[in-house]
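Subject: Structure for your review

Dear colleague,

Please find the structure below, with its sequence. My notes on what was found in it follow.

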Amino acid sequence: MIKWVVIAVFGAGLILVALCGAGLYLTNRSSQAYQRPVFETIVAEDADAFLELCDPSLQAEVDAPVMLAWMKEINAVMGECQFETGSNFNIHFDASPGSTVVTTAGDMKFANGVTSTELVYQNDKLIKFKIEPDKLGYDWFDGPVGDELYRERTETFFTELLERDYEALKPLMHSSFVEIATDELLNQIVDQTEIWLGDNPRVTITGVENRISEDEGLIVNALLEGNAGKADGSTTIKFDGMKGTVLRFVVTPIDQSPVDDTADEDATDKESSIETLNEPKSNVDNNLKNVQ
């Protein structure tokens with residue numbers, strides 16, 4: 001009887017070992033299935049490919065030029081990705097009617113260190129990621145790779161503003177700006193700007209100043225022209241997460257009249273500018289999740 005007990009225990013031991021081996025195999029397969037595609041895009045510095053893995057709600061919160069800067073910095077400081085997960089890797093499945101959520105977490109090994117990683121997929125699309133390389137400093141960000149997106153964003157901002165399409169402005173604006181930019185305030189600004197410009201306003205981007213290292217954001221300058229006059233405009237782009245939005249803007253009329261030394265205070269009033277009051281601070285990090 002004791003012999004059979006020993007055999008039974010030994011048999012259970014064999015089964016347990018087999019299950020353990022299967023668990024390691026499944027864990028490795030899971031890391032390859034869910035972690036590797038993300039890190040392949042990072043190694044390739046392909047922000048567009050990363051975004052293709054994401055749900056549209058997450059895509060809307062990521063600017064490809066910022067993500068590309070992040071990828072380049074990771075590769076520079078972390079070295080070659082080993083595509084091996086640490087022993088702390090885990091995976092969790094949560095299924096409900098119409099929705100399957102898979103959460104993976106753990107370390108991914110690089111030549112120079114590890115990245116602490118959490119990825120959340122819903123119906124095979126990434127809805128959240130948190131990737132923290134241990135060698136990446138908090139102040140890694142000194143600007144996006146290219147400024148064309150922010151030129152376009154500023155041109156669209158001023159165009160929609162002058163057309164009084166304030167709802168179209170909101171996705172372009174920082175959340176703190178949206179809070180204070182009431183329709184009444186924006187109408188007052190556009191009323192004054194129309195006095196300076198007249199009809200048929202046009203917007204031309206004239207340049208970009210990178211003041212991120214000074215914690216002032218990206219300054220995008222524009223020329224606003226109408227049939228009655230011109231004005232200088234600018235937006236301050238603030239970066240939060242991996243997205244840059246309009247935190248504040250300035251419009252200053254350009255005086256095209258001949259210089260008159262006897263001009264009174266009315267001339268000074270004409271030169272006054274319109275400026276929003278948000279603080280131009282940037283805070284880019286490498287953690288991001290979609291807005292629920």
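Where in the chain is Arg211 found? Arg211 is in the loop between strand 6 (202-210) and strand 7 (218-225); helices (H or I, at least four residues) and strands (E, at least two) are DSSP runs, numbered from the N terminus.

Before the details, a word on the source. This is a predicted model, in which local features need pLDDT of at least 70 and side-chain atom pairs count only at pLDDT 80 or more, while totals for chains, interfaces and linings use all residues. Residues are numbered from 1 along each chain as its sequence is written, and side-chain values use heavy atoms, with hydrogens and water left out.

Arg211 counts as partly exposed because its relative accessibility is 28%; buried means under 20% relative accessible area, exposed over 50%, and partly exposed in between (1.4 Å probe, protein chains only). The side chains of Arg211 and Glu209 are joined by a polar contact of 2.6 Å. A polar contact is a pair of N or O atoms within 3.5 Å; within protein, one must be able to donate a hydrogen and the other to accept it, and residues adjacent in sequence count only if both atoms are side-chain atoms. Leaving aside neighbours within four places in sequence, Arg211 is in contact (heavy atoms within 4.5 Å) with Glu216, Gly217 and Ile219. Arg211 and Asp142 are 69 residues apart in sequence, and their C-alpha atoms are 8.7 Å apart in space.

The chain as a whole

The chain has nine helices and twelve strands. Of its 292 residues, 41% count as buried. Among contacts with a separation of 6 or more, 60% are between residues 24 or more positions apart. The chain exposes about 15,800 Å², of which carbon and sulfur atoms supply 52%; these areas come from the Shrake-Rupley method with a 1.4 Å probe, and for residues only the protein chains shown count as cover.

The nonpolar core and the aromatic residues

In soluble globular proteins, nonpolar side chains tend to be buried together. The largest nonpolar core here has 61 residues, of which Phe50, Trp70, Phe129 and Phe157 touch the most other members. Helix 4 (residues 64-78) gives the most to this core, with eight residues. A nonpolar core is a set of buried Ala, Val, Leu, Ile, Met, Phe, Trp, Tyr and Cys residues joined through side-chain atoms within 4.5 Å.

A search of the whole structure finds 13 aromatic pairs. One of them is formed by Trp70 and Phe129, a tilted pair with 5.9 Å from centre to centre and 35 degrees between the planes. This pair links distant parts of the chain, with Trp70 in helix 4 and Phe129 in strand 5 (residues 125-133), 59 residues apart. Both Trp70 and Phe129 are buried. Rings of Phe, Tyr and Trp (its six-membered ring) pair if their centres lie within 6.5 Å; planes under 30 degrees apart count as stacked, over 60 as edge-to-face and the rest as tilted. Trp140, Phe141, Tyr150 and Phe239 form one aromatic cluster.

Two buried polar residues

Gln35, in helix 1 (residues 2-44), counts as buried because its relative accessibility is 1%. Its side chain makes a polar contact of 3.0 Å with that of Thr104.

Thr235, in strand 8 (residues 230-241), counts as buried because its relative accessibility is 0%. A polar contact of 2.7 Å joins the side chains of Thr235 and Thr154. Beyond four places in sequence, the contacts of Thr235 include Phe157, Leu218, Val246 and Arg248.

Most residues other than glycine have a negative phi. Phe83, in strand 1 (residues 81-85), has a positive phi near 55 degrees. Arg36 lies over the face of Phe83, at 4.1 Å from the ring centre; a charge sits over a ring if NZ of Lys or CZ of Arg is within 6 Å of the ring centre and within 35 degrees of the ring normal.

Arg164 also has a positive phi, of about 60 degrees, although it is not a glycine. Arg164 lies in the loop between helix 5 (148-162) and helix 6 (166-169). The side chains of Arg164 and Asp191 are joined by a polar contact of 2.7 Å.

Yours sincerely
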